[in-house]
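Let's take a walk through this one, a few elements at a time. Have the structure open as you read.

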Amino acid sequence: MKTIKILSIVLSFFVLYGLSSCNSSTKKESEDQSINDETLAEIDSNNVTIIKFKNTLFSIPSPYQVSILIKKANIEYNPELVNSLENIANYTSNFKKAINMGVYGTDLAYLNMNKQIPKAVKYFANLKIMSEELQLSGAFNPTVIKQIENNMGNEDSLLYILSKTYRESDKYLKENNREDLGVLILAGGWIESLYFLAKVADETHNQEIINRLGDQKHPLDNLIKIMSQYYNQSPQYMKIIEDLIDLAYVYDGIDVEYEYKEPITDTTQKITTINSTSKLILNAEHINLIAEKIAKIREKIID
Amino acid sequence: MKNKYILLFLFLVSFSFANAQVDKTIQLCEKYLVPPFVSDGQDYRSLLNDDEVAEFHMTLYGGATYRIIACSGEKEGNIIFSLYDIEKNLLFTNRDHQDAPYWDFKITNTIEVVLESELKNQEDNSGFVFISLAFKQNN
């Protein structure tokens with residue numbers, strides 16, 4: 001049911017994208033318009049105009065939070081988890097460069113968290129090359145590069161600078177109408193972090209890691225929504241979106257039981273504690289299937 | 001021919017003016033994006049007119065503390081933002097807190113939320129809304 005919803009979202013994005021970019025026959029226009037009206041009518045529930053698609057933003061949690069969780073759970077460093085440095089030679093298209101820039105960024109955070117400094121330096125060198133090739137030197141400028149190099153091994157500072165740099169890249173790409181590459185960096189980072197989670201969950205059966213693996217259900221839906229507008233851009237986009245939708249089928253089987261609880265706000269500290277509870281029903285079969293599917297998706301993007 | 005150049009000049013001036021304004025708004029937001037808060041690495045922006053509301057869907061992990069920052073225009077307090085859960089229960093609104101430009105959220109269990117943001121002065125306003133989401137390090 002959920003997947004049908006995802007597919008309809010993909011379709012809606014596709015139709016709306018088509019609407020904004022072409023003006024073909026009157027018949028097609030009216031068909032598309034009726035779908036468009038239907039989509040908006042379904043959403044507009046009161047007097048306030050809630051604009052969908054254009055003004056709906058979807059967030060993907062930072063992949064660095066996964067590395068932090070793995071470290072916090074005292075899971076031993078696994079050098080096999082990260083993408084090989086040598087694979088950079090295979091990344092000749094902008095598609096591959098962008099998606100693997102996300103992958104290497106997540107790897108760098110994982111290496112840094114585990115104090116693998118000499119290796120982290122090499123991964124950063126790869127990131128520098130890829131950012132130049134993608135013309136992202138506005139974000140990865142000499143000052144930022146110096147800051148990152150000086151903070152290798154200082155996990156807190158590096159994470160802060162790296163996150164800020166990826167945000168600058170995202171901003172730069174959006175301002176220059178290259179969002180199609182921005183979403184790939186985002187997707188690569190998320191896919192790598194899900195691969196880490198699935199691998200570690202499979203090997204250690206750590207409950208916190210398993211829960212976090214289940215928590216990716218909605219971020220995956222959001223990622224599909226973000227990427228769907230580029231479905232028609234190239235067969236590569238099409239393939240990755242279809243693979244992610246296939247993964248969403250597995251997540252459909254995971255139930256979430258949610259219960260609202262009153263939040264508590266501390267006005268002086270400007271903080272609200274959200275106490276609502278959510279329970280994930282995730283079994284061993286789900287974990288194996290997610291691990292299997294994400295490993296295949298990752299293999300396709302890093303090869 | 002001369003008119004063409006004048007138009008081009010006006011376009012470039014207005015473009016750089018708009019860019020400068022956007023940069024100023026981003027600076028407003030970034031003031032609160034400081035350690036121990038780490039950006040999630042994404043830039044969220046939305047162009048709103050009059051009474052439009054931007055929706056922002058996100059997952060907040062259990063055990064983490066987040067900071068949400070919302071800015072528009074050249075001064076603070078231009079944005080009303082409200083956080084809802086998936087059942088549309090209101091979890092927070094800055095309307096109750098002097099339109100605060102940022103707020104922190106301590107999350108007990110992973111939760112799906114929707115942040116709705118709108119311009120405070122809807123009648124005479126339109127512009128970009130910038131949202132920043134950051135998580136607290138060493139929570």
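## Two helices side by side

In which hand, left or right, does H8(A) cross H10(A)? The crossing is left-handed. Bear in mind throughout that this is a predicted model.

Helix H8 of chain A covers residues 179-204 and helix H10 of chain A covers residues 217-228, and the two pack with their axes 10 Å apart at an angle of about 155 degrees. Angles over 145 degrees count as roughly antiparallel, so that is how H8(A) lies against H10(A). On the H8(A) side, the contact comes from A:Val183, A:Ala187 and A:Trp190, while H10(A) brings A:Pro219, A:Leu223, A:Ile226 and A:Met227. Sort that contact by class and you get seven nonpolar residues, with no polar and no charged ones.

## A covered helix

Now look at helix H3 of chain A, residues 64-72, which is mostly covered, with seven of its nine residues buried. Those buried residues are A:Tyr64, A:Gln65, A:Val66, A:Ser67, A:Ile68, A:Leu69 and A:Ile70.

And what does the covering? Just after H3(A) comes A:Asn74, with a positive phi of about 55 degrees.

## A strand with two partners

Within its own chain, E4(A) runs antiparallel to strand E3 (residues 264-266), joined by three bridges. A:Thr265 has A:Thr272 as its bridge partner in E4(A). The two strands form a hairpin with four residues between them, and A:Lys270 in the turn has a positive phi of about 55 degrees.

E4(A) also pairs across to the other chain, in the parallel sense, with strand E7 of chain B (residues 102-107) over four bridges. There, A:Thr272 has B:Phe105 as its bridge partner, and A:Thr273 stands opposite B:Lys106.

## Where the chains meet

How many residues does each chain put into the contact? Chain A gives 41 residues and chain B gives 43. On the chain A side, E1 (56-58), H7, H10, E4 and E5 (277-281) each supply at least two residues. H7(A) gives the most, with ten residues.

By class, the chain A side that touches chain B divides into 16 nonpolar, 17 polar and eight charged residues. Compare the packing of H8(A) with H10(A), where no polar or charged residues take part.

Terms used
Residues are numbered from 1 along each chain as its sequence is written. Chains are lettered from A and ligands numbered from 1 in the order in which they are written. This is a predicted model: local features need pLDDT of at least 70, side-chain atom pairs count only at pLDDT 80 or more; totals for chains, interfaces and linings use all residues. Axes are lines fitted to C-alpha atoms, for helices over the stretch in contact, and angles run from 0 to 180 degrees between N-to-C directions. Angles under 35 degrees count as roughly parallel, over 145 as roughly antiparallel, 65 to 115 as roughly perpendicular and the rest as oblique. A crossing is left-handed if the near helix is turned anticlockwise from the far one by less than a right angle, and right-handed if clockwise. Two residues are in contact if their C-beta atoms, placed from the backbone, lie within 7 Å. Ala, Val, Leu, Ile, Met, Phe, Trp, Tyr, Cys and Pro count as nonpolar, Asp, Glu, Lys and Arg as charged, and the others, Gly among them, as polar. A residue is buried if 20 or more other C-beta atoms lie within 10 Å of its own, exposed if 12 or fewer, and partly exposed in between; C-beta atoms are placed from the backbone. Two strands pair if DSSP finds at least two bridges between them.
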